[in-house]
Amino acid sequence: MATCFWLRSCGARRLGSTFPGCRLHPRAGGLVPAPGPAPGPAQLRGYVGGLEGLSAALLRTDSFVGGRWLPAAATFPVQDPASGAALGMVADCGMSEARAAVRAAYEAFCSWREVSAKGKPLKEAHGEILYSAFFLEWFSEEARRVYGDIIYTPAKDKRALVLKQPVGVAAVITPWNFPSAMITRKVGAALAAGCTVVVKPAEDTPFSALALAELASQAGIPPGVYNVIPCSRKNAKEVGEAICTDPLVSKISFTGSTTTGKILLHHAANSVKRVSMELGGLAPFIVFDSANVDQAVAGALASKFRNTGQTCVCSNRFLVQRGIHDAFVKAFAEAMKKNLHVGNGFEEGTTQGPLINEKAVEKVEKQVNDAVSKGATIVTGGKRHHLGKNFFEPTLLSNVTQDMLCTHEETFGPLAPVIKFDTEEEAIAIANATDVGLAGYFYSQDPAQIWRVAEQLEVGMVGVNEGLISSVECPFGGVKQSGLGREGSKYGIDEYLELKYVCYGGL
């Protein structure tokens, strides 16, 4: 098994200067400031003091293939969702660059597989980086525990062995909402298993993947083992298809929408590739009459409004039993007003930043308008925030019914719709009435009810009296159309391993 080396911190190999408000353009040696001021109105501060304080060595804009930084013929802009200002111009890779990255990964795989095992708001962003590092630490240690088996058969002159071997080159396609952790959760497992990778990051957040490439290079990861091919939204379909259909790729790992996941599954089917998919969710958050209201409200805040509601495990539907409904809605509204502060992610005290783009805001706005038109009541929030086009007020709706968009369409924004229910059976029926099943949450003080509901919810992960469930040590994944396979935990490395049976005869 190959090791997932520590990405240790090293001194920057290249020195460069960045200036407040500058934009960044690709150059083979690193970043250079573009002439002139950054375009677009800056109603809010972007990076505090521009890009000062960030390591120039980590601010990369070229693709990273075969251990080299390679520019592309075209570039695309990456924007700050808070202000709309351009943060930099990144290499816009196409099919040829994608194929080259796969070839580099395949060539590196031949030697890497033989290496023996060795040992958002700014506050949320800091937490994600730590979370990302934990995945690398976990899988570097897990590489030691990839065990095979010896099976004794009825035949006295034979022995059966089971070996675990790396699947090969893995194509890794990641989303924008956790641009570092989604990479290390996949790549850490892949490298630990002995695979090499080609990463296609989301067009909105390529800098994290490129920074990880620089760190991998500094840490001594051999050329070709970790490759990054950023591209624009315009080229995403072409690049995704190229890496997922390339015969040298043996494995596809994707986190994103169910719709895109189905397209990638079609690509994988043509050459029968291994796949793991972490797709969309519609998480129910159930509050039973026996629940502790204060605990349920705290869990609701954490589950719903983390990353401004832009996570795949965010609660999407709040089901509250009639006896506790009014008390919960009142307490939830008060907690939202007290604890949720909208602003630029770099501002002190901000807990709710912008949504990723205006299209995301339009989706939340559409769901709110649809619900209100069908009888829902706005308890708090309900409209765009005055800070800018990508901001939306944290919103709580009551009198919500199952015919409203917000109850059967993933929101990915700061909207909490509350449905009133009467019985446990009714709540479970509502919660399971969907074709996805990633995460689910419920609050109850009844031990028997806790066991019943936990077993009956059709999801891959359940939070019982807990709103934050993600952990490096635990398997992450869903059922139904929420995906295939698991990430993290001791099970995550198995997604990148093949079993080989060896029959040893003539003994």
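Start by selecting strand β18, residues 415-421. Six of its seven residues are buried (under 20% relative accessible area, with exposed meaning over 50% and partly exposed in between, using a 1.4 Å probe and protein chains only), so the rest of the structure largely encloses β18. Strand and helix names here follow DSSP runs (E of at least two residues for strands, H or I of at least four for helices), numbered from the N terminus.

Before moving on, a word about what is on your screen. This is a predicted model, in which local features need pLDDT of at least 70 and side-chain atom pairs count only at pLDDT 80 or more, while totals for chains, interfaces and linings use all residues. Residues are numbered from 1 along each chain as its sequence is written, and side-chain values use heavy atoms, with hydrogens and water left out.

**Neighbours of β18**

β15 runs parallel to β18, and the two pair over four bridges (pairing requires at least two DSSP bridges between the strands). Is Gln321 buried or exposed? Its relative accessibility is 11%, so Gln321 counts as buried. Show its contacts (heavy atoms within 4.5 Å): leaving out residues up to four places away in sequence, Gln321 touches Val287, Phe288, Asp289, Phe421, Asp422 and Thr423.

Next, bring in β17, residues 395-398. β17 and β18 are also parallel, with three bridges, and Leu397 has Pro417 of β18 as its bridge partner.

**Helix α9**

Select residues 358-373 for helix α9. Which residues of α9 are buried? They are Ala360, Val361, Val364, Gln367, Val368, Asp370 and Ala371. An α-helix has 3.6 residues a turn, so residues three or four places apart point the same way. Among the elements covering the buried residues of α9 are β16 (377-380), β17 and β18.

Look at both ends of the helix. At the start of α9, a side-chain oxygen of Asn357 comes within 3.3 Å of the backbone nitrogen of Lys359, a polar contact (N or O atoms within 3.5 Å, one able to donate a hydrogen and the other to accept it, with sequence-adjacent residues counted only if both atoms are side-chain atoms). Just after α9, Gly375 has a positive phi of about 110°.

**The nonpolar cores**

Colour Leu191, Val197, Val199, Tyr226 and Val228 next. In the largest nonpolar core, which has 44 residues, these five touch the most other members. A core here is a set of buried Ala, Val, Leu, Ile, Met, Phe, Trp, Tyr and Cys residues joined through side-chain atoms within 4.5 Å. Helix α3 (residues 181-193) gives this core its largest share, nine residues. Apart from this core lies another, of 31 residues, including Ala296, Cys312, Ala331 and Met336.

Centre on Val199 to see its surroundings: beyond neighbours within four places in sequence, Val199 contacts Val172, Ile183, Val187, Tyr226, Asn227, Val228 and Ile229.

**A hairpin**

Go to β5, residues 75-79. Phe76 and Val78 form its covered face, while Thr75, Pro77 and Gln79 lie on the uncovered one. In a regular strand the side chains alternate between the two faces of the sheet. β5 pairs with β6 (residues 86-91) in the antiparallel sense over five bridges, and Gln79 has Ala86 as its bridge partner. Six residues separate the strands of this hairpin, where Gly84 takes a positive phi near 85°.

Asn307 is not a glycine, yet has a positive phi of about 55°. Asn307 sits in the loop between α7 (293-305) and β15 and is buried, at 5% relative accessible area. Lys480, also not a glycine, has a positive phi of about 55°; Lys480 is in β22 (residues 479-480) and is partly exposed at 35%.

Then pick Val459, in the loop between α11 (447-456) and β21 (461-464). Val459 is buried at 16% relative accessibility, and its contacts beyond four places in sequence are Gly437, Leu438, Ala439, Gly440 and Val479.

**Last stop: confidence**

Finally, colour by pLDDT, the predictor's confidence in each residue from 0 to 100. The chain averages 89, and 88% of the residues score at least 70. Over residues 1-50 pLDDT stays under 50, and the model has 135 contacts beyond four places in sequence for them.

Definitions and conventions. The expected span of a helix is 1.5 Å times one less than its number of residues.
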